[in-house]
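Me: I have a structure to read and would like to know what the terms used for it rest on. Please go through them with me.

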Amino acid sequence: MSAGDELDIQELEKGFRAAALMDGDAAFRKFLSSIKVIAADCPECGAPLKSVAERDKNVVSLLGTGTYRRTYYKCPGGHGHFIPCDDLIGIGGNAYTPGVRLAVSKLASEGAFEWSSDALAEIAGIYISAKEIQRLSETAGEEVESKNKERISAAKRPEPSKSTLDERASCADIDGTVFYVEFDGTGVPMTKHETAGRSGKQVDGSSKTREAKIGCIFTQTEFDEEKKPIRDNNSTSYFGSIEVAENFGWRVYAEAVRRGVAAYKRTVVIGDGAKWVWGIADRYFPDATQIVDFYHASEHLCVLAPVLYAGRQRQQSVLDVWLKNSATAK
């Protein structure tokens, strides 16, 4: 090439990636086809399953789209067919590998389904429609919620389950680290079907929203140069749902148990001061320090100053002191 020639590195890079993925996809599907799973007895009647034939299945992986071959079984008692290899690989009932489903869920949690579809195609060369991404995301959400319900059920038992005890025991007694629990509620626009029969703030007494309760748990060990607490990196886990406060309280508690709250000597609950927030704090974290978040504390102080003091100048002077002390409180 001459010094003045142009070179489209980006297109070349895409070409090399496509070639690498093509070879990798072929090798991956060959590997999948080499997996042999001997079917067990029928789960319905206990009869040994009969091998019918080997059939191809379309599979979409992080490497590409193609088919792989696996053994197809039937129950001699008429209880349906079984494909154990699909279940082992994690594509029973769909064509998408666990890696693809994880990528879809990550993208869909950050943006619209249409955006997720475009991003997946551009970045990974995987083409999935927005509608299919919605279906996969909702399925992933149902799986996550199923696990959450198991944790909540375990948290409700009088005696902690073995898994709960193992999770607590896995955390050494932590001295100097603070365990934070924070949650709130906010109105989320809903369809008429989802708000039917609910009272609200509309002129006719109806509601256009439902309250989504969301929260997070994180830890804090270090302080910055101004002695202000710093949230520990990668320590935050999130939770949320649309449900009544009583049920949400169990959700908060179950996540705290999963995070090993019993191992920490100090727990802090941060909230907006609402009665239901402190109700959850009192019930599940009775020894915790309760802190009203700065935004809502400022709102309350702005209302309180005119009640206690006359004259706008005096009110503002006192308010400035209050807000300064609140912002610098340790």
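This is a predicted model: local features need pLDDT of at least 70, side-chain atom pairs count only at pLDDT 80 or more; totals for chains, interfaces and linings use all residues.

Me: Why is Ala245 called partly exposed?

Reply: Its relative accessibility is 25%. Buried means under 20% and exposed means over 50%, with partly exposed in between, so Ala245 counts as partly exposed. Ala245 belongs to helix H8, residues 245-258.

Me: Which residues is Ala245 in contact with, leaving aside neighbours within four places in sequence?

Reply: They are Lys213, Trp276 and Ile280. Contact means heavy atoms within 4.5 Å. Trp276 is 31 residues away from Ala245 in sequence, yet the C-alpha to C-alpha distance is 6.5 Å. As for Lys213, this residue stands opposite Ser241 in strand S7. Strand S5 (209-223) pairs with S7 (237-241) in the antiparallel sense, over 5 bridges.

Me: What makes S5 and S7 a pair?

Reply: Two strands pair if DSSP finds at least two bridges between them. S5 and S7 have 5 bridges, so they pair. S2 (64-74) and S3 are joined by 2 bridges and run antiparallel, so they also pair. Tyr73 stands opposite Phe82 in S3.

Me: Why are S1 and S3 called edge strands?

Reply: The sheet is open, with 3 strands in the order S1-S2-S3 and antiparallel pairing. Strand S1 (50-61) and strand S3 (81-82) each pair on one side only. Helix H1 (9-34) packs on this sheet and touches S1 and S2, its direction making about 5 degrees with that of S2.

Me: Which residues of S7 are on its covered face, and which on the uncovered one?

Reply: The covered face has Ser237, Phe239 and Ser241, and the uncovered face has Tyr238 and Gly240. In a regular strand the side chains alternate between the two faces of the sheet.

Me: How do you know that H3 is roughly perpendicular to H5?

Reply: The axes of H3 (98-108) and H5 cross at roughly 95 degrees and come within 9 Å. Angles of 65 to 115 degrees count as roughly perpendicular, so H3 is roughly perpendicular to H5. Where they meet, H3 contributes Arg101, Val104, Ser105 and Ala108, and H5 contributes Ile133, Leu136, Ser137 and Ala140. By class, this contact has 5 nonpolar, 2 polar and 1 charged residues.

Me: What makes H5 roughly perpendicular to H8?

Reply: H5 and H8 pack at about 90 degrees, with axes 9 Å apart. That angle falls in the range of 65 to 115 degrees, so H5 is roughly perpendicular to H8. On the H5 side the contact includes Glu145, Asn148 and Arg151, and on the H8 side it includes Trp250, Arg251 and Tyr253. The contact of H5 with H8 divides into 5 nonpolar, 1 polar and 5 charged residues.

Me: What makes a set of residues a nonpolar core, and how many residues has the largest one here?

Reply: Its members are buried nonpolar residues joined through side-chain atoms within 4.5 Å. The largest core has 25 residues, and those with the most contacts inside it include Phe179, Val252 and Phe285. H5 (130-156), strand S4 (174-189), H8, strand S8 (264-271) and helix H9 (275-284) each supply at least two residues of this core. The largest share, 7 residues, comes from H8. Phe285 is in contact with residues including Val181, Val252 and Val269. Another core lies apart, with 12 residues, among them Val104, Ala108, Leu120 and Ile126.

Conventions: Residues are numbered from 1 along each chain as its sequence is written. Side-chain values use heavy atoms; hydrogens and water are left out. Helices (H or I, at least four residues) and strands (E, at least two) are DSSP runs, numbered from the N terminus. Buried means under 20% relative accessible area, exposed over 50%, partly exposed in between (1.4 Å probe, protein chains only). Axes are lines fitted to C-alpha atoms, for helices over the stretch in contact, and angles run from 0 to 180 degrees between N-to-C directions. Angles under 35 degrees count as roughly parallel, over 145 as roughly antiparallel, 65 to 115 as roughly perpendicular and the rest as oblique. Ala, Val, Leu, Ile, Met, Phe, Trp, Tyr, Cys and Pro count as nonpolar, Asp, Glu, Lys and Arg as charged, and the others, Gly among them, as polar.
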